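Subject: Structure for you to look at

Hello,

Here is the structure I said I would pass on. Please open it first, then read the notes below with it on the screen.

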Amino acid sequence: MTENEFDELWQRAEAESYGQRLAAEYPAWRRRQNRIITVVTSLVLVVAVAFSLHTLQQRQRRDYEKVYCNRVGTTDVQWAALAAEMLME
Amino acid sequence: MKRLIIILMLLLPIVAMSQSDLYKRYASRQELTVAQVSGFKLNESQRVDVVLIVADDEAAWQQLAKELNIKGEEGSVSWLGDSKNPAQRVKWTGAPVLRVVASHARRTVALYRITTEAQYDALLDYQLNNMKQEK
């Protein structure tokens, strides 16, 4: 066996060994990926649900949900009070 | 993809609130101060959207009163108005309407958007209950 033939065989053996290692580790890597995706998705869902519940709770507590106004310097509470007072006019 | 749709469905009620066409129509006018109170609470289960228009001076009020066909110069007036054209008086048929309350003293018009019979009843109850409490 020449030195070149030996190198060629060595490289082929190395490549085959890497392929086998990759094939062996792929399922474990895939499982880890799935676990990460599941954890991240769960976290996003939990945050979304918590935010929705918080908003709903706030909505139940307050006399209004949101106020828009075309002037700065006015408060939301004042406008909600005016909306109530106008019904007494 | 399915997960994304679920998240969007959860967030949809939160982003659904926005400025109404009625608010936008008056908010662009310099002589008027306009506010939209979204989800004004009438009782534990009923809420309405209210647009409040305050004329900044007497001239602006006269113009607004003319546009909304408000007669007289004292006290306050109230009527049911068309949901897109509050000046047009309508009768309650179950279709969306505006309960319009105009006060000369405050130079203010309040437009309560009513879309259901339950809101209509709740608004009347709210007025009656609070008037009783005031007496």
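Start with chain A, whose elements run α-β-α from the N terminus on. That gives chain A two helices and one strand. Of its 89 residues, 8% count as buried. Please keep in mind that this is a predicted model.

The sheet

Strands of a sheet pair through backbone hydrogen bonds, either parallel or antiparallel. In which order do the six strands of the open sheet lie? The order is S1(A)-S1(B)-S2(B)-S5(B)-S4(B)-S3(B), with antiparallel pairing. S1 of chain A and strand S3 (76-82) of chain B stand at the edges; each has a single partner strand, so one side of each is left without a neighbour in the sheet. On average, neighbouring strands are turned by 15° against each other, direction ignored.

Helix H2(A) packs on this sheet, where it touches S1 of chain A as well as S1, S2, S4 and S5 of chain B. The direction of H2(A) makes about 80° with that of S1(B).

How the strands pair

The link between the chains within the sheet is made by strand S1 of chain A (residues 66-69) and S1(B), which run antiparallel and are joined by four bridges. Cys69(A) has Ala35(B) in S1(B) as its bridge partner.

S5(B) has S2(B) on one side and S4(B) on the other in the strand order. Six bridges join S5(B) to S2(B), again antiparallel, and Val54(B) is partnered there with Thr108(B). Between S4(B) and S5(B) the antiparallel pairing runs over seven bridges. Within S5(B), Ile114(B) is the bridge partner of Val97(B), and Tyr112(B) is that of Arg99(B). S4(B) and S5(B) form a hairpin with four residues between the strands, and Arg107(B) takes a positive phi near 50° in this hairpin.

Why is S5(B) described as largely enclosed by the rest of the structure? The reason is that six of its seven residues are buried.

The nonpolar core

The largest nonpolar core has 38 residues, and those that touch the most other members are Ala83(A), Val34(B), Val37(B), Val50(B), Leu52(B), Ile53(B) and Ala110(B). Both chains contribute: helix H2 (76-86) of chain A supplies at least two residues, and so does each of H2, S1, S2, H3, S4, S5 and H4 of chain B. The largest share, seven residues, comes from S2(B).

Leaving out residues up to four places away in sequence, Ala110(B) touches Ala83(A), Met86(A), Val50(B), Leu52(B) and Val101(B).

Where the chains meet

How many residues does each chain bring to the contact? Chain B brings 31 and chain A brings 26. On the side of chain B, two or more residues come from each of H1, H2, S1, S2, S4, S5 and H4. S1(B) gives the most, with nine residues. Sorted by class, the side of chain B that touches chain A has 18 nonpolar, 10 polar and three charged residues.

One residue to check

Lys24(B) lies in helix H2 (residues 21-27) of chain B.

Regards

Technical notes
Residues numbered from 1 in each chain as written. Chains lettered and ligands numbered in written order. Predicted model: local features only at pLDDT ≥ 70, side-chain atom pairs only at ≥ 80, totals over all residues. Core = buried A, V, L, I, M, F, W, Y, C linked by C-beta atoms within 7 Å. Buried ≥ 20, exposed ≤ 12 C-beta atoms within 10 Å, placed from the backbone. Contact = placed C-beta atoms within 7 Å. Pairing = 2+ DSSP bridges. Nonpolar A, V, L, I, M, F, W, Y, C, P; charged D, E, K, R; others polar. Axes fitted to C-alpha atoms, helices over the stretch in contact; angles between N-to-C directions.
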